[in-house]
Amino acid sequence: MCGIVAAVTQRNITNFLINSIKKLEYRGYDSSGLAIIDNRNNIMRIRCVGKVDELIKKTNKKKIFGNIGVAHTRWATHGKVSKENTHPHISSNIVVVHNGIIENHSTLRHFLQKKGYIFSSDTDTEVIAHLLHWEQNKKKDSLKKVIQNSIKKLDGNYSMVIIDQNNPTRLIAARSKSPLIIGLGIEENFIASDQIALLHTTKRFIYLEEGDIAIVEKKNINIFNKDNFTIKRQKIISNIEHKSVEKGQYRHYMEKEIYEQPESIRNTLKNRLKNNNKIFFSELGLKANNIFYNTENIQIVACGTSYNAGMVSRYWFESLANIPCNVEIASEFSSRKLIVRKKSLLITLSQSGETADTLSALRYSKKLGYLGNLTICNMESSSLVKESDFYILTKAGLEIGVASTKSFTTQLTVLLMLVAKIINLKQENNDISKKIIETLNILPIRIEEILKKNTLIKNIANILANKKNMLFLGRGNQYPIAMEGALKLKEISYIHAEAYQSGELKHGPLALIDKNIPVIMIAPKNSLFEKNKKNIKEICSRGGLIYVFSNQEFDYEDNINVIKLPYVEELIAPIFYIIPLQLLAYYIALKKGTDIDQPRHLAKSVTVE
Ligand code: G6P
């Protein structure tokens with residue numbers, strides 16, 4: 001949560017900071033601020049409620065010249081959205097931006113108040129600023145030592161960057177649990193929560209690791225690990241193109257990302273489907289094959305859209321590979337006593353690889369005796385990838401819209417490949433894995449075909465945009481697609497939407513049916529179709545308003561709206577059927593005029609539990 005940018009530069013820093021922090025809005029966008037030590041050694045701070053555009057307007061009105069500064073975009077945790085609570089926070093000469101939560105902030109606040117500190121915000125970050133100042137004045141140690149002493153007193157997550165007005169030549173960064181990355185320039189250096197913020201200036205990065213403290217100056221970078229030893233961290237050259245951070249011809253990132261799905265899926269499949277009907281993930285070693293071969297149970301843990309992808313895969317693991325599979329929301333997984341089934345593989349699913357609940361679940365699982373853990377993730381440099389035994393990349397490309405789209409369909413693509421791989425490992429020459437591979441090869445074409453139905457979906461969206469509530473129904477592996485469809489709609493259009501298993505309708509939700517609550521039903525031609533048809537009739541006979549997404553002909557005269565979709569193979573039908581639901585949510589939100597890429601109160605990367 002929250003985005004951090006900091007820099008120590010040759011050039012005037014103001015434009016650099018605002019251009020960079022704008023790129024991190026996906027991490028939080030309720031308020032933003034910056035602080036620069038100007039050329040006369042004054043701390044110049046600008047903060048405002050609202051999106052970074054407000055900060056840009058305000059900053060452009062002032063002429064600030066300086067070469068060192070920090071900026072922050074906030075997703076409120078402690079304290080309401082207000083100017084006072086917006087970062088950076090200052091204690092005399094100390095300036096702090098912070099991403100995370102300090103759990104013992106209230107004890108520290110009382111302690112510091114007794115020492116005479118006066119607080120101007122409700123945030124836990126201001127506690128850090130005053131604590132650093134107090135430590136600095138207590139012993140007159142170096143700022144690095146002051147930070148080391150202070151963080152010993154902090155419980156929680158505290159990735160942060162600090163500048164000291166008394167030594168305005170360096171940034172000091174400390175990483176704990178939320179990501180921080182150093183960008184390398186030419187006689188200037190930068191820090192950010194994500195490389196996306198810095199790609200307009202550099203492609204050379206160093207990822208800080210847990211417990212690292214970095215002193216970053218124009219020409220030098222010194223990193224100390226958690227034991228205070230100087231350490232060299234690997235430099236990487238990013239292969240992300242700066243232009244992939246732009247919207248191009250599209251109105252929203254979400255729209256762009258929906259239409260990118262055929263290409264993302266092609267990238268996900270590339271070099272992984274082999275002619276001998278085997279699946280090859282270059283990032284997995286032989287040890288992983290051994291673990292997969294011995295796996296008798298699977299436990300999937302994830303949040304949000306990634307959880308829905310896990311739910312779909314449960315049907316595949318059980319029906320195709322005969323492996324029992326449980327799926328659990330990460331925050332629940334790590335807050336209860338668990339009974340681990342025999343020879344269980346833990347799989348975490350995450351676009352960002354930084355979701356705090358999923359990371360906590362992974363860390364918790366390590367004490368529980370799983371056979372091993374695998375993460376399926378879109379970000380190679382993420383904490384989940386680093387902390388997992390094995391990883392598989394989804395290769396969706398950068399996803400910036402807060403509501404996930406292409407990361408969902410590429411997760412499903414990887415999961416289906418994994419099912420085939422496990423079948424192959426357990427039983428040589430299996431016909432099912434051969435069929436999976438054949439069908440996956442067709443998937444990008446099928447997605448292209450369904451994307452061509454956009455006008456059909458847009459017309460329905462225009463009719464439904466004024467509704468207050470909607471029900472989504474699905475059966476079998478289309479039930480999690482109904483969940484994902486409802487989630488998309490809630491997230492970006494603010495229409496209340498619930499998903500149910502079609503068969504569960506009669507056990508409660510039927511009471512809601514009337515002409516004002518549209519029911520979106522996913523009913524493809526498959527072995528469950530006849531059962532779905534009965535549910536459709538139950539809704540119609542109660543005067544319900546129903547929209548059926550299907551590739552089946554309907555031969556009866558009920559008052560139903562059928563959205564006739566192209567043919568798709570049953571194996572990949574869940575990946576196919578989410579596309580019209582993504583489009584439906586997108587066009588409804590477009591019609592309503594909501595903030596599609598940055599829906600209210602949400603953030604893309606949720607790094608707090
Ligand atoms: C946030 C995002 C969702 C996402 C979820 C899990 O809530 O708004 O779009 O599905 O986090 O994120 P992850 O990066 O772990 O997939």
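Mentor: Let us begin with Lys 343, which lies in the loop between helix H10 (330–333) and strand E17 (344–350); here helices (H or I, at least four residues) and strands (E, at least two) are DSSP runs, numbered from the N terminus. This is a predicted model, in which local features need pLDDT of at least 70, side-chain atom pairs count only at pLDDT 80 or more, and totals for chains, interfaces and linings use all residues. Residues are numbered from 1 along each chain as its sequence is written, and side-chain values use heavy atoms, with hydrogens and water left out.

Most residues other than glycine have a negative phi, and most peptide bonds are trans. Lys 343, which is not a glycine, has a positive phi near 45 degrees. Lys 343 counts as partly exposed because its relative accessibility is 39%, where buried means under 20% relative accessible area, exposed over 50%, and partly exposed in between (1.4 Å probe, protein chains only).

Tyr 494 is also not a glycine, and its phi is positive at about 65 degrees. Tyr 494 is placed in the loop between helix H16 (479–493) and strand E21 (496–501), and with a relative accessibility of 26% Tyr 494 counts as partly exposed.

The remaining spot concerns a peptide bond: the one that joins His 87 and Pro 88 is cis, with omega about -5 degrees. Pro 88 is found in the loop between strand E4 (66–74) and strand E5 (89–91).
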